[in-house]
Amino acid sequence: MNDVEKERARLVSFIWDSFVPHILYSLVTLGIVDLLADGAATADQLAERSGTHGPSLFRLLRVAVSLNLVSLEGDLFTLTVGGELLCPGVAGSVRNTILLYGDVEKRRSWGELNYSVRTGQDAVGHMFGQEYFERLSAHPEHAAVFNETMAEISRGVARSLHELGIAWHGRIADVGGGSGALLAGVLAANPQTLGLLYDTESGLDEAEATLTRAGVRDRCEIVSGDFFESVPGGCDAYLLKHIVHDWDDERAATVLTRCRESMTADARLYLIESVVPTDPAEFDTGMLVRDLNMLIKLPGRERTQAEFTELLAASGLKLTGMTPLPSPGRPYSLLAATPA
């Protein structure tokens with residue numbers, strides 16, 4: 001195979017690989033992985049239990065075998081380790097991520113990539129007349145999936161911060177912290193530390209349960225509010241995970257400025273974000289695709305270190321350090337800042 005043939009095969013593979021998320025979405029939403037979690041079964045048994053067409057389900061399962069999500073021995077299908085990660089309640093589960101990014105609206109918005117590239121505007125607002133978070137508020141079932149997906153990421157980030165050996169002291173504010181999964185992990189690993197969880201009232205729906213389940217509710221205050229308007233004071237550290245990347249520079253700077261206004265001279269601010277490399281040899285496809293996702297979904301973006309430095313400076317803050325997170329927090333980094 002010559003170089004042209006290799007490149008052609010590589011490009012064509014992208015097309016077929018692009019359908020894999022649809023397959024994962026069907027395995028989850030048809031209830032197939034849940035049924036297989038109860039034990040091995042034939043395609044006909046699964047079809048009867050799921051209300052699907054047996055021969056067609058067999059064809060779907062056959063692809064799942066090729067993806068190493070299920071195994072096939074004789075006529076019995078069984079979940080593999082990878083398949084188990086599609087189930088709820090499993091450590092490391094990606095179920096909610098699949099539900100979040102595999103639904104019809106998400107697929108439709110990616111179909112409007114050309115609009116976003118031509119205009120610089122988010123496709124979601126163009127299609128539905130509402131910004132993404134406004135739309136989530138109007139659809140509680142979608143909001144629940146979004147919140148749990150973010151919580152899954154937060155739990156991994158909390159473990160990564162612990163692995164880095166970061167010792168937190170005093171009182172930590174998790175700004176835009178949602179369910180509190182990240183702050184719960186940080187407080188559990190730092191028994192001497194107090195916390196303040198800050199988000200909108202709807203964003204805090206699961207906070208009480210999350211913090212109580214982690215055994216840290218007595219050390220954490222829950223406060224509702226709008227971080228575009230104000231951020232509570234009296235904290236030694238301000239932690240923002242995946243907040244800045246949701247917004248354009250103007251609105252991101254507003255959030256950071258509100259944090260700066262509440263910070264004392266010796267307080268610290270920490271961002272957990274993807275940092276886009278500037279060397280083409282270090283470009284990461286996954287990170288750059290997520291950047292396009294922010295363009296399509298929100299008026300947001302992933303940023304380079306220089307862009308973070310500039311954004312923080314515009315908010316009265318100075319970048320003092322950047323540390324890549326180890327797994328499972330990869331590919332995110334911890335950016336530290338102090339009042340300028």
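The following legends describe close-up views of a predicted model.

View 1. An unreviewed UniProt entry assigns "domain: O-methyltransferase dimerisation" to residues 19-73. That stretch is 67% helix and 7% strand, with its end C-alpha atoms 26 Å apart. The unreviewed UniProt entry also places "domain: O-methyltransferase C-terminal" at residues 110-317. This second span is 47% helix and 13% strand, and 35 Å separates its end C-alpha atoms.

**View 2. The largest nonpolar core.** This core comprises 29 residues. Val175, Tyr238, Leu240, Leu269 and Leu271 have the most contacts inside it. Two or more residues each come from the strands β3 (171-175), β4 (194-199), β6 (237-241), β7 (268-273), β8 (317-324) and β9 (333-339), and from the helices α15 (249-262) and α17 (305-314). The most is given by α15, with 5 residues. In soluble globular proteins, nonpolar side chains tend to be buried together.

**View 3. The surroundings of Leu269.** Setting aside neighbours within four places in sequence, Leu269 is in contact with Tyr238 and Leu240, as well as with Leu256, Cys259 and Met263. Further contacts of Leu269 are Leu312, Leu317, Leu335, Ala336 and Ala337.

View 4. The 14 residues of α15 should span 20 Å at 1.5 Å a residue, and the end C-alpha atoms are 20 Å apart, so the two values agree. The buried residues of α15 are Ala252, Ala253, Val255, Leu256, Cys259 and Ser262. An α-helix has 3.6 residues a turn, so residues three or four places apart point the same way. The buried residues of α15 pack against the strands β3, β6, β7 and β8 and against the helix α17.

Notes: Residues numbered from 1 in each chain as written. Predicted model: local features only at pLDDT ≥ 70, side-chain atom pairs only at ≥ 80, totals over all residues. Heavy atoms only, no water. UniProt positions renumbered as here; feature names shortened; annotations may be inferred. Helix = DSSP H or I, 4+ residues; strand = E, 2+ residues; numbered from the N terminus. Core = buried A, V, L, I, M, F, W, Y, C linked by side-chain atoms within 4.5 Å. Buried < 20%, exposed > 50% of the residue type's maximum accessible area, 1.4 Å probe, protein only. Contact = heavy atoms within 4.5 Å. Expected span 1.5 Å × (residues − 1).
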